[in-house]
Amino acid sequence: MKLHNPFRTALVATLGVGLGILLIQSVQSLSTILLYVGTALFLSLGLDPMVSWLTRRRLPRWAAVLTTVVVVLGVFVGIVLMVIPILVNQITLLVQQITQIVNSGTAMADFTHWLASLFPNLDVDAVFGYVNDWLNKNLGDISSSIGQGVIVVGGALFAGISGTFIILILTIYFTAAIPSLKGAVYQVVPASKRDRFIDLAEQITASVGYYVMGQVTMGVINGVLSLFFLSIIQAPFSIVLAVIAFFFSLIPLVGTLTGSTIIVLVCLGLSSTPLTALVAAIYYLVYMQIEAYVISPRVMNRAVSVPGAVVVIAALSGGALLGLLGALIAIPVAASILIIYRQVLIPRMNER
């Protein structure tokens, strides 16, 4: 019996471990790029049903892709241009009110009087003196911390804008190149299994696309209905709240509930009467039932149905791994796994 050289065995094992560590470090280093690519591929699969619908209307694919991208970008630019002036106006009014209060010279006296009435045994002057001394001693550190915070926020904002631009470019490229990308992948599969692989791949990509389009459709429905309803009850910032309803509806499982809660709280805090918040709460309770039992089944009828327990587990797992994006991607990934489970694994197990 021929024995292996211990040195050679140890060397091969060490090289294998080193290669594994190198691969893990490479994936970690490229995590941001992989996230961009995955997001762009996910979005392109979501846009593909619309592109396919336009191509079936005898429109060239390049024109269908261009039309789809222009429409999507136009919608989002319109939302941004609609919301930003309102936000700027409200922030300006808030700053003006704060400036008027400060310039009146009564703000500090009113606050001191309120604090003394709330805590009768508290020496308010001593507290303000201590706070003033502490601020004078630590003003340099506070200024440095604020400056570092501004730099960090600015860097994060720049990274977010650049990342969004990269994802946009990749999404346009993937949307235009999906047929060629699919063809290149299909050629790698052995000819004996190619037809079956193509059938499964087309079902998976169609499921992802219909899921994305379905979520966007439900978001549009919620946003439009919210705009009409909030305008009727004269809720504050009805346009901004409608946009909030739209974007939160894109989040699976808890998006509509979270967005509705935010809208009701805003109505409760900023409306002239609590009745507005009560009416909004009743409306969204009714709407969530209609969405769950009427709108969602009809909008998502072409996507693969996923059991509720799987939806919860997939959303929680995806959110833990990749945050909000992971929660968005997790459900179509779970649907894809279910397709493979039902059409590949179960038939093979039944043949044994």
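**Rings and a helix, up close**

Modeller: Happy to! In this predicted model, Phe-174 is buried, because its relative accessible area is 11% and buried means under 20%. Let's stay with the rings for a moment. The number of aromatic pairs comes to 6. One of them joins Tyr-173 and Phe-174, with the ring centres 5.7 Å apart and the planes at 55°, a tilted pair. Another is formed by Tyr-283 and Tyr-284, and this pair is edge-to-face, at 4.9 Å centre to centre and 75° between the planes. Tyr-283 is buried, with a relative accessible area of 18%, and Tyr-284 is buried as well, with 2%. These two tyrosines also belong to one aromatic cluster, together with Phe-229 and Tyr-287.

Now let's turn to helix 9, residues 255-270. Its 16 residues should span 22 Å at 1.5 Å a residue, and the end C-alpha atoms are 22 Å apart, so the two agree. Buried in this helix are Gly-255, Thr-256, Gly-259, Ser-260, Ile-263, Val-264 and Cys-267. Looking down the axis of helix 9, you find the buried residues within an arc of 155°, so they line one face. The general idea is handy here: an α-helix has 3.6 residues a turn, so residues three or four places apart point the same way. On the other side of helix 9, Leu-265, Leu-268 and Gly-269 are exposed. And what covers the buried residues of helix 9? The cover includes helix 7 (191-232), helix 8 (238-249) and helix 10 (274-299).

Note on methods. Residues numbered from 1 in each chain as written. Predicted model: local features only at pLDDT ≥ 70, side-chain atom pairs only at ≥ 80, totals over all residues. Heavy atoms only, no water. Phe/Tyr/Trp six-rings, centres within 6.5 Å; stacked < 30°, edge-to-face > 60°. Buried < 20%, exposed > 50% of the residue type's maximum accessible area, 1.4 Å probe, protein only. Helix = DSSP H or I, 4+ residues; strand = E, 2+ residues; numbered from the N terminus. Expected span 1.5 Å × (residues − 1). Arc of directions from axis to C-beta. Contact = heavy atoms within 4.5 Å.
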